[in-house]
Each structure stands twice: as structure tokens, then as C-alpha cells.
Amino acid sequence: DAAAGESELRVEIRHLRGRIETWRGHADEAVRLLVAEADALAGKAPHKAVTLLTEAVSAAIVGPGVDAAAELAERAYELAEPLGGRHEHLAALQLGKVLILAGQARRGYPLLMRCVSLLEDEDPLSHGVELAQCAPALMAVEEYAVAARVLEHVIDAARPANALGLLPYCLGARAELETRIGRWTSAFADAFESVHLAREAG
């Protein structure tokens, strides 16, 4: 009905606004907006709250810090676990990623490695951001082959879609990966393209 449609639209707008604020360098404000909306929805629409909280985790990593991100990730996963399905899956990835960044690799590793199943999605860009953001944690646990698969998967979909909000990040991450494994020429090419596209996108 109309009310449900308006509610869905509100969540999508808040979700997108949070992501934009993070990209603009206002990660603390993004966390505040996303968590406030998630708090309002947790009791009546937990699946929507999970979506907002998982986005807040990404913002917190670059804003308030890993400890705040871990707290949000634990909360998101607690809400998502009874729901199952894609919400639980994405919350698990976020929790795994943050646990690894927080030095709790033993617990985070199996959660993070569930990213491999997302490589089977018919639409690689439907969760392209979430997949791409797994790359730093995969590199931290030296899963270089998996990180390469993840980044290639997203880059191959982002190029024809002209996804300039995603492609520079992925190319930059792949450049870091290639540096770690000694592929200097490829690393330079990806880094150069990443900077060029980022400047084009403004």
C-alpha cells in the first residue's frame, strides 16, 4: 500500500544519504543518521534496521573507528540472525570484516569468507559495494586469491555499467593487492586508472 511504499522509500533515501555523507568525508554524521533511523525501525521492521546498520558499520570504520564499527556490526548481526536470508548474510560479512580489522581474525574469518557465495549473484552490482569492501579484510588475512576474485568480479560488472562511484575504489584496492603480491606493473596501471576515474567523477 501507499504507507508501505513511503516507508521503503524513506529507508532507501536514508541509506543513500548515509553512503553519500561517508563519501563526502562526513562519516560521523552518516553514522548518526543511519543509527537514528535504525533505532526507529528495529522493533517494527528489523530487516530495514539491519540494512541501515550494516551501512553504518562501513561509515564507522572511516569515522568513529573500528570499536564503534564492531559494536554496530554486533548489533546488526543480532538483529539479522533470526531473519536469515540475504540480510543475515550481509550482516555476517560486515561483522566478519570488522572483527578482522579489530584483531579478532579467528572469529571473523569464517564470516568474511561467506563473501564467496555472493560471486554467484546474477547481478554482481546488487551488492558490489559490500563485496568490494571485503577486499581489505581479505588482504589482512592473506586471502589474496579470494580478494582478487572478488575485485575482478565487481570491476568486470562496474566497467560496462560505468559505475564511477564504485570502480575507482575497486581499482585502488586491486592496486594495493597487486603491490602486496609483487605485480608492480599491474598495480601502477590500476592505481593510475583509479585516480583518473576518481578525478573524472569529481
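This predicted model holds 13 salt bridges.

| Pair | N to O distance | Relative accessible area |
|---|---|---|
| Glu37 and Arg14 | 3.3 Å | Glu37 4%, Arg14 23% |
| Arg107 and Glu74 | 2.7 Å | Arg107 40%, Glu74 31% |
| Glu178 and Arg174 | 3.9 Å | Glu178 6%, Arg174 19% |

Consider Glu37 and Arg14, whose side chains meet in a salt bridge. This pair links distant parts of the chain, with Glu37 in helix H2 (residues 27–41) and Arg14 in helix H1 (residues 2–23), 23 residues apart. Glu37 is buried. Arg14 is partly exposed.

The salt bridge of Arg107 with Glu74 has its closest N and O atoms 2.7 Å apart. It also links distant parts of the chain: Arg107 sits in helix H6 (residues 105–112), Glu74 in helix H4 (residues 66–80), and 33 residues separate them. Arg107 is partly exposed, and so is Glu74.

Glu178 and Arg174 both belong to helix H10. They are 4 residues apart, about one turn of the helix. Glu178 is buried at 6%. Arg174 is buried as well, at 19%, because the limit for buried is under 20%.

Beyond these pairs, a network of salt bridges links Arg19, Glu55 and Glu130.

Polar side chains come next. Ser58 lies in helix H3 (residues 46–62) and is buried, at 12% relative accessible area. Its side chain makes a polar contact of 3.0 Å with that of Gln94. A polar contact of 2.8 Å joins the side chains of Ser58 and Gln133. Setting aside neighbours within four places in sequence, Ser58 is in contact with Gln94, Lys97 and Gln133.

How many disulfides does a search of the whole structure find? The search finds 0. Take Cys115: its closest cysteine sulfur, in Cys134, is 4.9 Å away, so the two are too far apart for a bond. The cut-off is 2.5 Å. Cys134 is in no disulfide, and its nearest cysteine sulfur is that of Cys115. Cys115 is buried at 0% relative accessibility, and Cys134 is buried at 1%.

Cys115 is also one of the contacts of Leu131, along with Leu118, Leu119, Val150, His153 and Val154, neighbours within four places in sequence left aside. Leu131 is found in helix H7 and is buried, with a relative accessible area of 1%.

Helix H9 covers residues 144–161. At 1.5 Å a residue, its 18 residues should span 26 Å, and its end C-alpha atoms are 26 Å apart, which agrees. The buried residues of H9 include Val150, His153 and Val154. Against what do the buried residues of H9 pack? They pack against helix H7 (128–132), helix H8 (135–140) and helix H10 (167–180). Just after H9, Asn162 takes a positive phi of about 55°.

Last, the aromatic rings. The count comes to 1 aromatic pair. Phe188 and Phe192 form it, stacked, at 6.3 Å centre to centre with 25° between the planes. The pair counts as stacked because planes under 30 degrees apart do. Phe188 and Phe192 both lie in helix H11 (residues 184–201), 4 residues apart, about one turn of the helix. Phe188 is exposed at 60% relative accessibility, and Phe192 is exposed at 57%.

Terms used
Residues numbered from 1 in each chain as written. Predicted model: local features only at pLDDT ≥ 70, side-chain atom pairs only at ≥ 80, totals over all residues. Heavy atoms only, no water. Buried < 20%, exposed > 50% of the residue type's maximum accessible area, 1.4 Å probe, protein only. Helix = DSSP H or I, 4+ residues; strand = E, 2+ residues; numbered from the N terminus. Polar contact = N/O pair within 3.5 Å; in protein donor to acceptor, adjacent residues only side chain to side chain. Contact = heavy atoms within 4.5 Å. Phe/Tyr/Trp six-rings, centres within 6.5 Å; stacked < 30°, edge-to-face > 60°. Expected span 1.5 Å × (residues − 1).
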